[in-house]
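Please consult the sequence and structure shown below while reading.

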Amino acid sequence: MLQLSVLLNQKEEIIKRLNIKHFSAESIINEIEQIDEKRRKTQTELDQLLALSNNYSKEIGQLMGQGKKDEAELKKQEVLRHKDHISELQTQKNQLEEELLALLVKLPNLPSSLVPSGKAAEDNEVVRTGGPDITLYSGAKAHWDLASQYRLIDFELGNKITGAGFPVYLGKGAQLQRALISYFLEKANEQGYLEIQAPLMVNALSGFGTGQLPDKDAQMYHVTEDGFYLIPTAEVPVTNIYRDVTVKEEDFPIKLTGYTPCFRREAGSYGKDVRGLNRLHQFDKVEIVQIAHPENSYRILDEMVEYVESLVKSLGLKYRILRLCGGDMSFASALTYDFEVYSAAQQRWLEVSSVSNFEAFQSNRLKLKYKDKNGKMQFAHTLNGSALALPRIVAALLETYQKEDGIDIPEVLWKYTGWKRIN
RNA sequence: GGAGAGAUGGCUGAGCGGUUUAAAGCGGCGGUCUUGAAAACCGUUGUACCGAAAGGUACCGGGGGUUCGAAUCCCUCUCUCUCCGCCA
C-alpha cells in the first residue's frame, strides 16, 4: 500500500510511474484526495466537539463532588445537545476512513526506475543467461514421460485422490523432492537465513499484509468454515511474523527461510502450460525472505539474485535471469527478477524463481517499522525470492540429464539422495 | 468438545464509574557525582490521527452497548491459563 502522504505530495509523478505498470491511477488518486480532505475536516470538527464534551464531563464530576447537583444537571443538558452530532461525525469519519483504505489498497506498488516499460512476458529484459548448452540424444523425452517410465511421479493417482494438479511422487521421485528441499534449506542456512516452519494456512489479516487480499484472492484456496486461506507461498506466513512489529535498526537485515508446500488455484490455466509439472495446484518451494533497511534494500535484492543464481548454477541447469517489465510484474513489487531454466525436451523456458523488492509496500500494510536515528518511525523494506520452486527444477533436471538408459542427478544432491542415478 | 479463571504501557503489576492526566517497580534514555565504572540521586520515557504551531483527539485483547463521563458496568467475539474429555 502506498503511503497517503507520499501519494498526495507527488501525485503527478506517481501517476506517471504507475503508467509503466499499465495502471491508470488518476481517477483513483483524485478520489482519494477528495475523501481525504473530507476526512480531515470531519476529524477536526469531531475532535473539537469531543474536547468540549470531555471538559463538560470533567466539570460535572467536580460539581457532583461538591454536591452541586443542579449545576451539574445543567451541564449534562449542554453535553446532550451535542451527542447526536458527535456520533454522526464519528460514523462519518469511520466511513471515510474505510473508503480511503478501500481505494488505497487498489493502487499497485510503484515500479523502480530500473523497470522496463512493456506490456507482457515478451517485453521482459534478459539480464543474463548461464549454464551449459544442452544437446539431447534423439528420442529424448519430456519429463512427464520420464516420470512415468521410471515411476517417479503418478499424475493419474493424484487425479484420483484429489484432482488434476496434485501429483503423487513415488520412490526416487519422492526422494528427489526431499533431497532438493534439504539441499536448498541447508544452503540458505549457510547464508545466514533463519529456518522457519510456518503454518500452511493463514488468516485474512496475514493475506492482507503481504498483498494477496483483498481482490487478489482468486489464487488462494479458501477454508470458509474457519476463515483461513491455504498459503500460495511461504512468503505469506513468514513475512507476517513481522506484522505489527517494530524492529531495532541494528537488527537489519532480518533473513528468514522456509520450506512449505504452496497451494494455488490457478484458475484459467490450460493446455501445454499445465502439462506434467509445468503448473500445479500443490507444489513444494523453499522461500527466502529479508526485512531490510530502506537504504540497503536494492543491494540486498542483488545479493538475493546472486544467491539464487548460485543455486541454479550448482544444479548444472541452463538458465536465464529476467528483469520483469511493468506489465508483467506483480501488484506489490517494485522490482522483480525472474529465473527461468531451460526445459530441453519441451524447448521452452520455465520460471523457477521470482525475486522481488517490495520496498515499503508490504510494510505499510503489515505495520512493520523501525525507529530511525532521529527517533522517527519508518517503514522497513521487505524482499523475498524462491530458492527454489521444485517442480520445474525437477522437470529440467530429468530432461537435461536423461540418457538412453537412465538419468544422472547432479553431484550436489548425492549426499541428500543417497544415490546418483535413476534407472 | 465441557467447566472455571484471565487479557492493563518495553516487562512485572495496581486500579470504589468522576484530580487516573493509568499508581508503583523494573528496564530504556539524558544528567549530577566519579580518573573511569558501579551505587546513589534528579529528570525523562508509547503509537496513530488532526493542527503552521500552541495544542487537541483516539487507543487498557477486538467489536458493540449503558452513562454527562467506562480500564472499571452489560453484551459479543478472539486469544491465554487451569481442570476434564478426546487425540498424533
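The axes referred to here are lines fitted to C-alpha atoms, for helices over the stretch in contact, and angles between N-to-C directions run from 0 to 180 degrees. The model is predicted. Chain A is divided into domain 1 (4-104) and domain 2 (121-422), and the centres of these domains, taken over C-alpha atoms, are separated by 44 Å.

**Packing of helix 7 and helix 10**

- Helix 7 (residues 171-190) packs with helix 10 (residues 297-314) at an angle of about 140°, and their axes are 12 Å apart.
- Helix 7 and helix 10 are therefore oblique to each other, because only angles over 145 degrees count as roughly antiparallel.
- Their crossing is right-handed.
- Helix 7 contributes Tyr183, Phe184, Lys187 and Ala188 to the contact, while helix 10 contributes Tyr307, Leu311 and Ser314.
- Sorted by class, the contact of helix 7 with helix 10 comprises five nonpolar residues, one polar and one charged.

**Packing of helix 2 and helix 3**

- Helix 2 (residues 11-20) and helix 3 (residues 26-65) pack at an angle of about 150°, with 10 Å between their axes.
- This angle makes helix 2 roughly antiparallel to helix 3.
- Helix 2 passes helix 3 in a right-handed crossing.
- On the side of helix 2, Lys11, Ile14 and Ile15 take part, and they meet Glu26, Ile29, Asn30 and Glu33 in helix 3.
- The residues of the contact of helix 2 with helix 3 comprise three nonpolar, one polar and three charged.

**Length and end of helix 3**

- The 40 residues of helix 3 should span 58 Å at 1.5 Å a residue, which agrees with the 58 Å between its end C-alpha atoms.

**Backbone exceptions in loops**

- Most residues other than glycine have a negative phi, and most peptide bonds are trans.
- Arg151, which is not a glycine, has a positive phi of about 55°; Arg151 lies in the loop between helix 5 (143-149) and strand 2 (153-154).
- Gln347, also a residue other than glycine, has a positive phi near 55°, and its place is the loop between strand 12 (335-343) and strand 13 (348-359).
- The peptide bond from Leu213 to Pro214 is cis, with omega near -10°; Pro214 is in the loop between helix 8 (204-210) and strand 6 (222-223).
- The peptide bond from Phe252 to Pro253 is cis, with omega near -10°, and Pro253 lies in the loop between strand 8 (246-247) and strand 9 (254-263).

Key
Residues numbered from 1 in each chain as written. Chains lettered and ligands numbered in written order. Predicted model: local features only at pLDDT ≥ 70, side-chain atom pairs only at ≥ 80, totals over all residues. Heavy atoms only, no water. Helix = DSSP H or I, 4+ residues; strand = E, 2+ residues; numbered from the N terminus. Parallel < 35°, antiparallel > 145°, perpendicular 65-115°, else oblique. Left-handed = near helix turned anticlockwise from the far one by under 90°. Contact = heavy atoms within 4.5 Å. Nonpolar A, V, L, I, M, F, W, Y, C, P; charged D, E, K, R; others polar. Expected span 1.5 Å × (residues − 1). Domains from an automatic or database assignment.
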